[in-house]
Amino acid sequence: MSSVDYASPLGAVSLFLSQHHVSGTLIFSMITGSQSYNLDTSSSDTDYIGIYQALSTSVLSLSDPLPSISTLATGAKPDVTVYEIAYFANLLINGNPFVLEMLFSDKHELIYQKQVPITRSSLESLYTRYGVKRPTSFTLSSAPSSSSSLSSSSSSSSSCSLSSPSSNNIITFDVDIDVDVAIDIGFEWLRARRMQFITRRSVSEYLAYIAKRLKEHSKRPMPGKRIYHCVRLLFDLKRMIRGGAPVIYMPHTSHERQILLDIRAEKYTNEGIMLMIDEMTAEVERDRPWTSLPEAPDADLLETWLLNLRLVMLQQEG
């Protein structure tokens, strides 16, 4: 039997859940913090964040599953935070910056994703079996999709694609409608639609987080390591309000990365950092109300994701 790599996102978060007697399935985990941004130094530790799905017996019982569990309150190391899928979905729909970043972390050696493959017909039968009303996003179509294929096919000439954000959240199949194919309804299903979560609501949430940190900073000045997040998030906000995506792992040659490393090393004065933050905040505010972005994510899309995962878990337990 192969040994578990407890330093990996899978091993570390799985061990954490086991130690805290949390039953369920790990859907996604990643290394977060400075290592995920490529801003770590020789003294940096490793932080983890994850998403788990509670057992159906826990979801349906009188005692709700733990919405989140973290070492932050105790100060135990390594830093680990794990959300149950429903709590994660609520944070995501409200634009939480660090939850949104989970959709955009593309450094594959730093993340773990559990595949949850199921055929189209099996998924449909689960909705029928349990009498669940299909969300709008569950609509099936045989129309071709322009997005990249994300799941295996039943043959070399038949594949299943997940729709692009511009196609109204419809799961489409570029095969004949009679051909049954498998789709991955796990975390990748959300990642394929991640640009839909960059909204006016998420921009407002980023700004609120930054304002909160700055208020704390005014009362008790924070070392460079703690204040650089405000600058980093503002770099991302400038991209997001123009239709771009947040950059999680910064290339070594990135000018933004060098600025953030210098802030961490306290090479900037507090006045210099505050001037930088004020200028970037003003640039973001000038474009308010950011009408090029949708007001909020499609709640039905998240409802689809949650229902699909809950139904598959229910079938597996039944």
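This dialogue works through several features of a predicted model.

Q: Which way do the side chains of strand β2 point, and are they buried or exposed?

A: In a regular strand the side chains alternate between the two faces of the sheet. In strand β2, D47, I49, I51 and Q53 point one way, while Y48, G50, Y52 and A54 point the other way. All of these residues are buried. The strand, which covers residues 47–54, is accordingly described as mostly covered, with eight of its eight residues buried.

Q: Which strands are joined to β2, and in which directions do they run?

A: Strand β1, residues 24–32, is joined to β2 by eight bridges, and the two run antiparallel. One of these pairings is between T32 and D47, the latter lying in β2. Strand β4, residues 79–84, is joined to β2 by six bridges, and here the two strands run parallel. As an example, G50 has V82 in β4 as its bridge partner.

Q: Where are nonpolar side chains gathered, and which residues touch the most other members of the largest nonpolar core?

A: In soluble globular proteins, nonpolar side chains tend to be buried together. The largest nonpolar core in this model has 69 residues, and F88, L190 and W305 touch the most other members. Helix α9, residues 224–240, supplies the largest share of this core, namely nine residues. A second, separate core consists of 14 residues, including V13, V22, L26 and A54.

Q: Which residues does F88 touch, if those up to four places away in sequence are not counted?

A: The contacts of F88 are I51, Y83, V99, M102, F187, L190 and W305. Two of these, L190 and W305, are named with F88 as touching the most other members of the largest core. Another contact, I51, belongs to strand β2.

Q: How many salt bridges does the structure hold, and which parts does the pair R310 and E84 tie together?

A: A salt bridge is read from the distance between a side-chain nitrogen of Lys or Arg and a carboxyl oxygen of Asp or Glu, which must be within 4 Å. The structure holds 18 of them. In the salt bridge of R310 with E84, the closest N and O atoms are 2.9 Å apart. R310 belongs to helix α12 (residues 299–317) and E84 to strand β4, so the pair ties together parts that are 226 residues apart in sequence. E84 is buried, at a relative accessible area of 3%.

Q: Where do D106 and R194 lie, and is D106 buried or partly exposed?

A: The side chains of D106 and R194 form a salt bridge, with an N to O distance of 2.9 Å. D106 is in the loop between α5 and β5, and R194 is in the loop between α7 and α8, so this pair ties together parts 88 residues apart in sequence. D106 counts as partly exposed, with 40% relative accessibility.

Q: Which parts of the chain does the pair D287 and R242 link?

A: The side chains of D287 and R242 meet in a salt bridge at 3.6 Å, N to O. D287 is in the loop between α11 and α12, and R242 is in the loop between α9 and α10; the pair links distant parts of the chain, 45 residues apart. D287 counts as partly exposed at 34% relative accessibility, whereas R242 is exposed, with a relative accessible area of 51%. Elsewhere, salt bridges form a network that links E101, R232, D236, R239 and E256.

Q: What is the nearest side chain of opposite charge to R257?

A: R257, in helix α10, is buried yet has no salt bridge; the nearest side chain of opposite charge is D40, 6.0 Å away.

Q: Where are cis peptide bonds and positive phi values found?

A: A cis peptide bond is read from omega. The bond joining K77 and P78 is cis, with omega about 0°, and P78 is in the loop between β3 and β4. The bond from R288 to P289 is also cis, with omega near 15°. Phi is positive in H21, near 55°, and in N38, near 65°. H21 is exposed, with a relative accessible area of 72%, whereas N38 counts as buried at 5% relative accessibility.

Conventions: Residues numbered from 1 in each chain as written. Predicted model: local features only at pLDDT ≥ 70, side-chain atom pairs only at ≥ 80, totals over all residues. Heavy atoms only, no water. Helix = DSSP H or I, 4+ residues; strand = E, 2+ residues; numbered from the N terminus. Buried < 20%, exposed > 50% of the residue type's maximum accessible area, 1.4 Å probe, protein only. Lys, Arg positive; Asp, Glu negative; His and termini not counted. Pairing = 2+ DSSP bridges. Core = buried A, V, L, I, M, F, W, Y, C linked by side-chain atoms within 4.5 Å. Contact = heavy atoms within 4.5 Å.
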